[in-house]
Amino acid sequence: RALAEFLPKSTLTTLNLGHNRIGKVGARALAEFLPKSTLTTLNLENNRIGDALPKSTLTKLNLERNGIGEMGARALAEFLPKSTLTTLNLENNRIGDVGARALAEFLPKSSLTTFVVNNNNMSCSTFVELKQLMSKRAVSLRKERLLEKEKQKESRKESVRQREEEKSKEQLKTLFQMQSGACTGFLDSLR
């Protein structure tokens, strides 16, 4: 609890609490203070936290060997679309087919790019299904990145075009002022 209360006051971005027997009570204390912290990476490997899952602005979360089970997987699945997680390790958590399918339902809505689910008492078909979902997600992310790069390239081209147009307008303005001055001088000489 003391560490959890310290987190909002610190500037830590990475914290390794692996193998510390934090348990559900400690995980709930972390969950309370994590949203107020600057942490982006948290390792809670082998801490027996069960279904007491921390919610925060983390981008990397290692929950390996925590006995999360089906209930924890379901809770985590509902949390995924609202999270900023890009990497999640759930290895060795006994989530089974039911927990894996719950996660699969929300994977497409998440920001995950790395998802580890080895050794979770799930059938081969469920594991393959998760792997295919992540593969599709990776392809989708690559397409999104390519589209974003194209948009950025077009935006840069448009900026260059606008700058050139402004430059041309300035040159015309300067030329007009020069011609106007020459005309005024010519007219003055006629008087």
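Which residues of helix 3 are buried? In this predicted model, local features need pLDDT of at least 70 and side-chain atom pairs count only at pLDDT 80 or more, while totals for chains, interfaces and linings use all residues. Numbering starts from 1 along each chain as its sequence is written, and side-chain values use heavy atoms, with hydrogens and water left out.

Helix 3 spans residues 69–79, and its buried set is Gly69, Gly72, Ala73, Leu76, Ala77 and Phe79. Buried here means under 20% relative accessible area, exposed means over 50%, and partly exposed is in between (1.4 Å probe, protein chains only). Helices (H or I, at least four residues) and strands (E, at least two) are DSSP runs, numbered from the N terminus.

Strand 4 (87–89) and helix 4 (96–106) are among what covers the buried residues of helix 3. The axes of helix 3 and helix 4 come within 8 Å and cross at roughly 5°, which makes the two helices roughly parallel. Axes are lines fitted to C-alpha atoms, for helices over the stretch in contact, and angles run from 0 to 180 degrees between N-to-C directions; under 35 degrees counts as roughly parallel, over 145 as roughly antiparallel, 65 to 115 as roughly perpendicular and the rest as oblique.

On the helix 3 side, Glu70, Ala73, Arg74, Leu76, Ala77 and Glu78 meet Val98, Gly99, Ala102, Leu103 and Phe106 of helix 4 (contact: heavy atoms within 4.5 Å). Sorted by class, this contact has 7 nonpolar, 1 polar and 3 charged residues.

As for the sheet, 5 strands form an open one in the order 1-2-3-4-5, with parallel pairing; two strands pair if DSSP finds at least two bridges between them. Strand 1 (14–16) and strand 5 (114–116) are the edges, each pairing on one side only. Inside the sheet, strand 2 (residues 41–43) and strand 3 (residues 60–62) run parallel and are joined by 3 bridges, and Asn43 has Asn62 in strand 3 as its bridge partner.

Zooming out, the protein has 5 helices and 5 strands, in the pattern α-β-α-β-β-α-β-α-β-α along the sequence. Of its 191 residues, 35% are buried.

Notes:
Nonpolar A, V, L, I, M, F, W, Y, C, P; charged D, E, K, R; others polar.
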